[in-house]
Amino acid sequence: MELQEKLYVPVFTGVDRDVFLRDISPQRRPAVLRGVCLGSCLDKWTVEYLGQKGGDKEVKIHVSTVPQMDFLHKNFAYKTLPFNEFVKRASETKHSDFFLCEDESYYLRSLGEDVRKEPADLSKQFPDLAEDFQVPDFFNPDQFFSSVFRISSCGLQLWTHYDVMDNLLAQVTGMKRVVLYSPQDALHLYLSGDKSEVLDIDGPDLKRFPDFVKAKRYECVLEPGDLLFIPALWFHNTLALQFGVGVNVFWRHLPTDSYDKKDPYGNKDPVAATRALQALERALHTLDELPADYRDFYGRRMIQRIQKRTYCDGLSRTHAQKDSDTTLPSSPSTKPG
């Protein structure tokens, strides 16, 4: 018996820029896009080729003794390796050279040259490899924010989190399972910042996280050449079913001044959202001046006002209708694959 309601992310073929902008992006729902041209990387990016082209450029990586990485409790170590050595180790299941143990797991999330100021950009950090990868033209060039190189050991699982920008996850080699949760299920995910405290989504501790079962689980398996559209604010958790290489492309779909200018990772909440959360903290501190029964009463009134002003009931109804129909509006060049 499934813990959660499980829905599969629809797969579409024949998607070009016009179809994406007209039929897919406006739906604000994940979609697997199959058959989009990603360049020669699909044929070229073997372990040997990556090591040769990437060379001995040093990269900062995550290393963990367990494959289930937990960012909240930092159950991994940050280490540095030459890129070619990192790729070799990440592709192995047992290591003759290692930091922590012979079956340790590796993960690379590429960084900008100045990690505190510059977003990752494949064309700058790995220009020779970038020549093999074709960024889909599903957004305007001036909206581009970052292109992140991601390489994972087989079995590596990343924590559930959300991003504030739309992005495409391009799976170049290997297979990857991705589990997603709607922004409207945020209250069931036990958030700490942008991350869920529920580390084991397949066998959650329901005594600690009883409401987790209320969250609808959307799932897909990415094959080499697949693109996954992850709309902003959708939570996602990835599991590398094989040694895998991918590129994650982020773009600003809101006006530029909506985003924090000092955010090289693209994961800080929008400026207006940050101000609102800070105002809420100040309001809660003010309520602390009242006796407990008054805090309870006025807290409930605040919740009611927030629900009335912000909850998208119409959006909920739209999603509920679409949950029983996993296809997008029909189009001559778009069809489930």
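Me: How many bridges join strand 1 to strand 12?
Reply: The model is predicted, and in it strand 1 runs parallel to strand 12 (residues 217-222). Lys6 stands opposite Arg217 of strand 12. The number of bridges joining strand 1 to strand 12 is three.

Me: Which strands are the edge strands of the open sheet?
Reply: The sheet is open and has four strands, in the order 1-12-9-14, with mixed pairing. An edge strand pairs on one side only. The edge strands are strand 1 (6-8) and strand 14 (235-240).

Me: What does the twist average from one strand to the next?
Reply: The sheet in question has the strand order 1-12-9-14. From one strand to the next, the twist averages 25°.

Me: Are helix 3 and helix 4 roughly parallel or roughly antiparallel to each other?
Reply: Helix 3 (residues 47-54) packs on helix 4 (residues 83-90) at an angle of about 165°, and their axes are 8 Å apart. Angles over 145 degrees count as roughly antiparallel. Helix 3 and helix 4 are therefore roughly antiparallel.

Me: How many residues of the contact of helix 3 with helix 4 are nonpolar?
Reply: Helix 3 passes helix 4 in a right-handed crossing. Val47, Leu50, Gly51 and Gly54 of helix 3 make the contact with Phe83, Asn84, Val87 and Lys88 of helix 4. Three residues of this contact are polar and one is charged, while the number that are nonpolar is four.

Me: Is helix 7 roughly parallel or roughly antiparallel to helix 8?
Reply: The axes of helix 7 (residues 271-287) and helix 8 (residues 292-310) come within 10 Å of each other and cross at roughly 155°. That angle makes the relation of helix 7 to helix 8 roughly antiparallel.

Me: Which residues in helix 8 meet helix 7?
Reply: The crossing of helix 7 past helix 8 is right-handed. From helix 7, Leu280, Ala283 and Leu287 take part in the contact. The residues they meet in helix 8 are Arg295, Tyr298, Gly299 and Met302.

Me: How many residues of the contact of helix 7 with helix 8 are nonpolar?
Reply: One residue of this contact is polar and one is charged. The nonpolar residues number five.

Me: What distance separates the centres of domain 1 and domain 2?
Reply: The domain assignment divides the chain into domain 1 (6-258) and domain 2 (271-310). Taken over C-alpha atoms, the centres of domain 1 and domain 2 are separated by 35 Å.

Terms used
Residues are numbered from 1 along each chain as its sequence is written. This is a predicted model: local features need pLDDT of at least 70, side-chain atom pairs count only at pLDDT 80 or more; totals for chains, interfaces and linings use all residues. Side-chain values use heavy atoms; hydrogens and water are left out. Axes are lines fitted to C-alpha atoms, for helices over the stretch in contact, and angles run from 0 to 180 degrees between N-to-C directions. Helices (H or I, at least four residues) and strands (E, at least two) are DSSP runs, numbered from the N terminus. Angles under 35 degrees count as roughly parallel, over 145 as roughly antiparallel, 65 to 115 as roughly perpendicular and the rest as oblique. A crossing is left-handed if the near helix is turned anticlockwise from the far one by less than a right angle, and right-handed if clockwise. Contact means heavy atoms within 4.5 Å. Ala, Val, Leu, Ile, Met, Phe, Trp, Tyr, Cys and Pro count as nonpolar, Asp, Glu, Lys and Arg as charged, and the others, Gly among them, as polar. Two strands pair if DSSP finds at least two bridges between them. Domain bounds come from an automatic or database domain assignment.
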